[in-house]
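I opened the model today with two things to look up. My notes follow the structure.

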Amino acid sequence: MALDRLPTGVRERLGLLAFALGVALAGAFRLVLALTPDAVVAASIVLLGELGDKIALAAALALAVGALTAAVVVGLLAGRRAERLSVAVATASVLVVLVTLAFSGASRAGIGASLVAGGCAGLALAVGASVAGLGWRSDGAVATDRRAALGSLATALGIGLLGAVLRRPTPDDGQTPAEADLELSSTEREVIDAALSTAADRSLDVDGLEPLVSDSFYEVDINQLNPTVDRESWALTVTGAVDSELSLSFADLRERPTEHQFVTLRCVGESLNGYKMDNALWTGLSVSGLLDEAGPNGRYVVLRATDDYFEEFPLSALRRGFLAYGMNGEALPRRHGYPVRALIPGHWGEINVKWLDEIEVRDEPLKGYWERRGWHGTGPVNTVAKLHARTRDGDRVRVAGHAYAGTRGIDRVEVSTDGGDSWAEATLSEPLPGEDVWRQWTYAYPSPGRKHEVVVRAVDGTGTVQPRTRADAFPSGASGWVSVRVDPSNLG
Ligand SMILES: Nc1nc2c(c(=O)[nH]1)N[C@H]1C(S)=C(S)[C@@H](COP(=O)(O)O)O[C@H]1N2
Ligand SMILES: [Mo]
C-alpha cells in the first residue's frame with residue numbers, strides 16, 4: 001500500500017485522524033442515540049440550566065463527542081506505550097463503555113447501548129489502525145500486525161453484537177401482560193363489541209385510509225423501554241392540596257362504575273401531516289368522582305408516572321378527564337401505560353400520562369417534563385385535516401384522510417385541487433359518540449391528468465377555519481394547511 005512509503009510520523013498522524021474520525025462518527029452516533037433525549041438532555045439541563053431544547057441537545061452532542069475523543073486518546077496512548085494495537089482497542093472500548101454507562105444508567109437497555117458504543121469505538125479504532133498500517137513498534141518499522149488487527153476487530157465486533165442483543169427489547173415488550181385480563185362482565189363485553197362494530201361500520205372504505213379505530217396506535221415515550229408495573233402492588237394516590245389524600249388499588253378502581261369512550265390522541269411534536277394522531281375505544285372511569293372525594297384546594301394538578309414523567313395543567317381540565325385501564329376491549333397494553341393512564345379530552349397527547357401513579361393538586365403552577373424542554377403542549381390541540389390516502393377511482397382521483405379539532409369537533413373539511421383558489425366540501429364519516437373524536441373525510445374529482453397540488457383544511461365546530469399560517473411543531477404544535485402533490489399517473 002502506498003501508505004507504506006510515507007514517513008512513520010505522517011502515517012501515525014493519518015492513523016490518529018482515521019481513528020478519531022471513525023470513533024467520533026460511530027461512537028458519537030451510538031452514544032447520542034442511546035442517550036437522547038432522556039439522560040443526556042437531563043444531564044445537560046442540570047449543567048446548563050433551562051436554556052431550552054436545542055441548546056441542551058447541542059451541548060449533549062458536544063459532551064458526547066468530547067468524552068469519546070478523550071476515551072480514544074487515552075486508548076491510543078495506552079496502546080502506544082504497550083506497543084500493541086489490541087491494548088489501544090481494549091482501553092478505548094472499555095472507556096467508551098464506562099462513559100456511556102455513566103450517562104445511560106445500568107439498566108439492561110443502558111448496558112446494551114454502552115456495549116454497542118464501546119464495540120463501535122473499538123471497531124473504528126481497529127479499522128483505522130489497519131488502514132494506516134500502524135503497529136506501534138518503537139523502532140518505527142512498518143509493523144502491520146494483521147493478527148492483532150484481526151483479533152481486535154473480532155473482539156470489538158463481539159462486544160458490539162453482545163450489546164445489540166442486550167439492547168433488543170424483550171419479545172413481550174409493549175404487550176399486555178398475561179395476568180392483565182380485565183375480567184369484563186358479559187354486559188361490558190357487549191357494550192364494547194357494539195361500539196367497535198359501530199366504528200367499523202362508520203369507517204369510510206378507502207384504500208390506504210386507517211379506520212376510525214386505529215389499526216396501529218402511535219407511541220411516544222421519554223424512555224427506550226416501557227416501565228413494568230405490577231398491577232397488584234400498584235396504587236394511584238391523590239396528594240397535595242386536598243382535604244383528604246387518597247390511595248387506590250387497581251381493584252378499588254375496577255369496582256367503580258365502568259365507562260367506555262372513544263378518545264383521539266395527537267402528539268404536539270408531530271409534523272403537520274404526520275402519523276402521531278390515533279383513535280381508540282378506552283375503558284375506565286371518570287376522574288371527577290375521585291377528585292370530589294379528595295376535595296381539591298388548588299387550581300393546578302400534576303400527573304406523575306412510574307417512569308418519572310410528569311405534566312402539569314389546570315385542574316379544570318382534569319375534571320373532565322378519564323382514567324383508562326382498557327383499550328379496544330383488552331387490558332391497556334404496556335406501551336400505552338399499563339395498568340392505568342389518563343385521558344384529558346381535547347388536549348395534546350403529552351398530558352395524557354401513561355403508567356399514572358399520582359395525581360398531585362397544587363396552588364402554584366409548575367413546569368412539566370416537556371415544558372422544561374421548551375415545549376408548550378399542555379393546552380388544547382390545534383385543528384387539523386390530514387391527507388393520507390390517494391387512489392384512482394375510475395377516471396377520478398380520490399383523496400382521503402382524518403380531521404381532528406379536539407372537543408371543538410369537526411364541522412366540515414374543504415378540499416382545493418387548484419392550489420387554494422376554489423374549495424369544495426369533502427364527505428365526512430358519520431360521527432362516533434364522544435366529545436373528543438376524529439372524523440374521516442374523502443373527496444373525489446375528475447383527474448386533471450397532470451401533477452397538481454391538493455390542499456385541505458378543516459372547519460371546527462365553532463365555525464373557525466383551520467389557520468393557514470404555517471408553523472413547526474416546536475414549541476406549540478404544527479399549524480397550516482396540508483398540501484400534497486398528486487401525480488395521477490402514479491396512483492394505485
Ligand atoms: N408516563 C408517560 N406518559 C406519557 C408519555 C411518556 O413518555 N411517559 N408520553 C406522552 C406523550 S408526549 C404522548 S403524545 C402520549 C402518547 O401516548 P401513546 O404512546 O399511548 O400514543 O403519551 C404521553 N404520556
Ligand atoms: Mo407527545
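**Conventions.** I am working with a predicted model, where local features need pLDDT of at least 70, side-chain atom pairs count only at pLDDT 80 or more, and totals for chains, interfaces and linings use all residues. Residues are numbered from 1 along each chain as its sequence is written, chains are lettered from A and ligands numbered from 1 in the order written, and side-chain values use heavy atoms, without hydrogens or water.

**Entry 1, the sheet.** I traced an open sheet of four strands, in the order β15-β14-β18-β19, with antiparallel pairing. β15 (424-425) and β19 (482-486) each have a single partner strand, so one side of each lacks a neighbour in the sheet. Strands here are DSSP E runs of at least two residues, numbered from the N terminus. Pairing requires at least two bridges found by DSSP. I then took β14 (residues 410-416) and β18 (residues 452-460): six bridges join them, in the antiparallel sense. Arg412 has Val459 of β18 as its bridge partner.

Which residues are closest to ligand 1? I found Tyr218, Asp307, His336, Arg341 and Lys354, out of 19 surrounding residues (a heavy atom within 4 Å). The shell has ten nonpolar, three polar and six charged residues (Gly counts as polar).

I checked polar contacts next (N or O pairs within 3.5 Å). Oxygen atoms of ligand 1 lie 2.5 Å from a polar side-chain atom of Lys354, 2.7 Å from one of His336, and 2.6 Å from a polar backbone atom of Tyr218. Alone, ligand 1 exposes 530 Å², and the protein buries 99% of that (Shrake-Rupley, 1.4 Å probe).

Note on methods: A polar contact is a pair of N or O atoms within 3.5 Å; within protein, one must be able to donate a hydrogen and the other to accept it, and residues adjacent in sequence count only if both atoms are side-chain atoms.
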